Amino acid sequence: MSAPQHQEPVSFAFDEQSEAQIATILKRYPENKKASGVIPLLYVVQKQMGRQTGSAWVPRVAMDQVALRLGMAPIRVYEVATFYFMFNTKPIGRYHLQVCGTTPCWLRGSDEVARACRDAGHLKGYGDTSDDGLFTMTEVECLGGCVNAPILQVDDDYYEDLDYDSTVQLIEALKRGDRPKPGSARGRLCSAPEGGPETLLDIPLAEGK
Amino acid sequence: MAKVTIDGIEIEVPNGATVLQACEAAAKEIPRFCYHERLSVAGNCRMCLVEVEKAPKPVASCAYPVADGMKVFTDSPMVRNARRNVMEFLLINHPLDCPICDQGGECDLQDQATAYGGQGGRYMEEKRAVKDKYLGPLVKTIMNRCIQCTRCVRFATEVAGVPELGATGRGEDLQIGTYVEKALTTELSGNLIDICPVGALTSRPYAYVARPWELRKTDSVDVLDATGTNIRVDTRGPEVVRILPRTNEDVNEEWMADRGRFAFDGLKRRRLDRPWVRRDGKLRQSSWEEAFSVISEKMHGLKGDQVGAIAGDLVDAESAFALRALMRGLGSANTDCRQDGAAIDTSRRDFYLFNSGITGIDEADALVIIGSNPRREAPVLNARIRKRWASGSMKVAQIGPQGLDLTYNAEHLGEGPLAIAGLMDGSLGFAETLKAAKKPMVIVGRAALARPDGAAILAAAWDLAKAFGALTPEWHGFNVLHLFGGQVGALDAGFVPGEGGRDVAGMLQGGLQALWLLGADDIDTALIPSDTFVVYQGHHGDRGAARADVILPGAAYTEKDATYVSTEGRVQRGRLALFPPGEAKEDWRIIRAAGAALDVALEFDTLDALRERMVAFNPIFGVVDGRVAGGCADSSGPRASGAMGEAAFTLPLADYWLADTVSRASETMAQCSRIYNDPAPRLAAE
């Protein structure tokens, strides 16, 4: 399978689905303050690119469209889009593997998660896109899920409590086109203890009395 | 007012002033990079830290408002320590390339590192490297040196009105640039070089040319537009190496337009450096004696009405006055300085001046621009309009071509003179705004007067101002925007047709035996009959010189002590920064010598005597560096003739970069013209 080539498109137009989202977003802001909608609109762009091309990124022509829509100078949109690393200003793979490398995840074995990503996704390291165009691997700062560390964020979904093997399994599933259920790989409910609740069991309410 | 104590000095400053302003009022120097008094406050360089009593930490004085009874210390150990550490951080990623940096010697970072920095850096790791950006043909970037003060970003957005510069990326990857690598579409880009406190933005034409301490600096005035920008001409040896603006709050603040700043390399090219005489149909090098003997031979005995003179747009008032005297001495009333044929009524001075004054813009609350694009015609003045507009206190409307980008919102009222009538009868909505305005302004472009119905347009514009109360004893809201620095001076010197004299069109119709062109290059020389004897006096071999029978080499504006009058009627002196090339001479001397050759007694032998004559002729020449401000004493308008047509206004300066003889000879300007007139600018995303 050859890698899909993503290049700067010559033009960008919002599709119907995006237009509906934009209409909802712009309702939140007064007409003279609609520039506030720049971040939501950039997300709309990124989602649409993901739908249309399989690579969720924000091309420059699309930023120009956002600027036009919001009555802003294009450079102001470029500034926002380049400031937040959640916006990909370069094409990325089909699945965006975002490995949290901040201290709690690192202590809980994020290095292993990263190694699994490299091995299973055939990636050279952070910032790399695999030859088949399926995966791009990025190191991100704290995702705020420390209680279930280590975390791997795939596009918008958090996969938690990972180790080397479960990460490889996850990536293999993604390769098959599956989307495993997000959440704890060890079957925890949110951040509850493994195997069910352990404390406050004697409170009548908890026992359903 | 708030009482604050700065290092024990008690002063009073207005409420809302910042601590930095208070410190300046107490004559305490506060180092700064990002703070610029004409830009919004960013507060990101942290160099201006001071200690405020009871504040737990040093505060950034540029963004900290004063409070009554505040005690500020600008030289305490805490402050010194803070500055030293901020400086150490700033220098972490700043390359130590001062020896090859063009900013060296006039660099804020260099100076302040010496004054406030520590002994040395402790940073041993690798410095960050930033790719250089492309900002156009005038501004060179070395982005490694950038300290991200964002002055350039704020200047482009706030003053120039072209929000094209920005800070992209974040943290260590923050970069200043346009992101799309395109030339900044502004006529004020040279100012980025001035406001950059380090060597990140430097002048491309001046790159590696000179060090500031090698330069001889001469205060002068710019003539390449009619704003009257105060400049400093830096010369080294026999050439101008750069031109910088001087601060004059009443004129250009501290800004300058690109053409005035960068066209000076045209002063070295295509110069007329020796007299030329046409023999057997070919121009041949000659001498002054021969040139004058040919002039005397051809012009002796001609009747007054067979002789005429046309002055160009860059002439100084002295030479215009001297040539007028020469022509009157020859009995000729045929003198005109309006090459474009503008219907300017010189019977009263306020019929052709920018009467509100440039500072008047700061008071006006409604503005109608007729047939003018101030952004191109007077970029610095346009920035002033923009400043007023941005404050929200002035509404602007524009009559002229649609889709004009003035850098501010201007309501488009119409393309032709009909819109003036529409304002008069109230059928256009903007009439209400004008009616409500206390100080309305009307700006009529010189090009709007240079059409067959120009006189009617001038009268209509005056009537418009009058009808909306812009002509009162306190306020004069009628303004003519001229294009070049020599135009008003020549009008003030009376270089217009005398009694029964011919204007430019009349002179070109034929019937003249001899025509004297004083720097006049923007007339259609093809119209001059082939048997007319043409003398061209000027500094550049342009269109006029090509047609001439005798060429007298004159001095450019940097090469003579001369008087110029700006569009607002401000009389200013340009000064000799270097001598004219070769055998070229100051223009008034040439005319004085021609007077001797033609047996016309000109009553001045020195520049002072000439200036005395000028003051006697028009007292305004005695008001140097000032202007006669005030309201309109007499609201009766200029004489109208004919009716206004319906033709749409066309704008002058089709090519801003090549608008005058100096810039037409300039390589820098040719390059700008090529790049900025490219219909499809190439955008290259990274």
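1. In this note, helices are DSSP runs of H or I with at least four residues, strands are DSSP runs of E with at least two, and both are numbered from the N terminus. The model under discussion is a predicted one.

2. For the overall dimensions of chain A, the C-alpha atoms fill a box of roughly 60 × 50 × 30 Å when the box is taken along the principal axes. Chain A has 209 residues, of which 44% count as buried. If one looks at the contacts in chain A with a separation of 6 or more, residues 24 or more positions apart account for 64% of them.

3. Helix α2 of chain A, which covers residues 38–53, has 16 residues and reaches 22 Å from its first C-alpha to its last, close to the 22 Å expected at 1.5 Å a residue. Several residues of α2(A) are buried, among them A:Val38, A:Leu41, A:Leu42, A:Val45 and A:Met49, and the elements that cover the buried residues of this helix include α1 (16–26), α3 and α4 (74–83) of chain A. The residue that follows α2(A) is A:Gly54, whose phi is positive, near 80°.

4. Helix α2 of chain B can be read beside it: this helix spans residues 77–92, has 16 residues and reaches 23 Å from its first C-alpha to its last, close to the 22 Å expected at 1.5 Å a residue. Its buried residues are B:Val79, B:Ala82, B:Arg83, B:Val86, B:Met87, B:Leu90 and B:Ile92, and these pack against β3 (49–52), β5 (70–73) and α3 (108–116) of chain B.

5. Which residue forms a salt bridge with A:Asp64? The partner is A:Arg60, and the closest N and O atoms of the two are 3.0 Å apart. Because A:Asp64 and A:Arg60 are four residues apart in helix α3 (residues 60–70) of chain A, about one helical turn separates them. The two residues can also be described by their accessibility: A:Asp64 is partly exposed, with a relative accessible area of 22%, whereas A:Arg60, at 10% relative accessibility, counts as buried. For the reader's orientation, buried means under 20% relative accessible area.

6. B:Glu253 forms a salt bridge with B:Arg384, the closest N and O atoms being 3.8 Å apart. B:Glu253 lies in the loop between β12 (239–245) and α6 (258–262) of chain B, while B:Arg384 lies in helix α10 (residues 379–390) of that chain, so the pair ties together parts that are 131 residues apart in sequence. B:Glu253 counts as buried at 8% relative accessibility, and B:Arg384 is buried too, with a relative accessible area of 3%.

7. The side chain of B:Glu253 also meets that of B:Lys387 in a salt bridge, at 2.6 Å from N to O. Since B:Lys387 lies in helix α10 of chain B and B:Glu253 in the loop between β12 and α6, this pair ties together parts that are 134 residues apart in sequence. B:Lys387 is partly exposed, with a relative accessible area of 40%. Through shared partners, salt bridges join B:Glu37, B:Arg38, B:Glu249, B:Glu253, B:Glu254, B:Asp362, B:Arg384 and B:Lys387 into one network.

8. The largest pocket holds about 1200 Å³ of space. It is lined by 41 residues, and the closest to its centre are A:Thr82, A:Phe87, A:Asn88, A:Thr89 and A:Lys90. Which element gives the most to this lining? It is β2(A), with five residues. At least two lining residues are supplied by each of α3, α4, β1 (95–100) and β2 (135–140) of chain A and by β8 (175–177) of chain B.

9. Finally, an unreviewed UniProt entry carries the annotation "domain: 4Fe-4S Mo/W bis-MGD-type" for residues 215–271 of chain B. In the model, the end C-alpha atoms of residues 215–271 of chain B lie 23 Å apart, and the span is 9% helix and 35% strand.

How values were computed. Residues numbered from 1 in each chain as written. Chains lettered and ligands numbered in written order. Predicted model: local features only at pLDDT ≥ 70, side-chain atom pairs only at ≥ 80, totals over all residues. Heavy atoms only, no water. UniProt positions renumbered as here; feature names shortened; annotations may be inferred. Salt bridge = Lys/Arg side-chain N within 4 Å of Asp/Glu carboxyl O. Buried < 20%, exposed > 50% of the residue type's maximum accessible area, 1.4 Å probe, protein only. Expected span 1.5 Å × (residues − 1). Contact = heavy atoms within 4.5 Å. 1 Å grid on protein atoms, 1.4 Å probe; cavity = no way out; pocket = protein on both sides within 12 Å on 5 of 7 lines; lining within 4 Å. Points joined across faces, edges and corners; volume = space filled by probe spheres on them.
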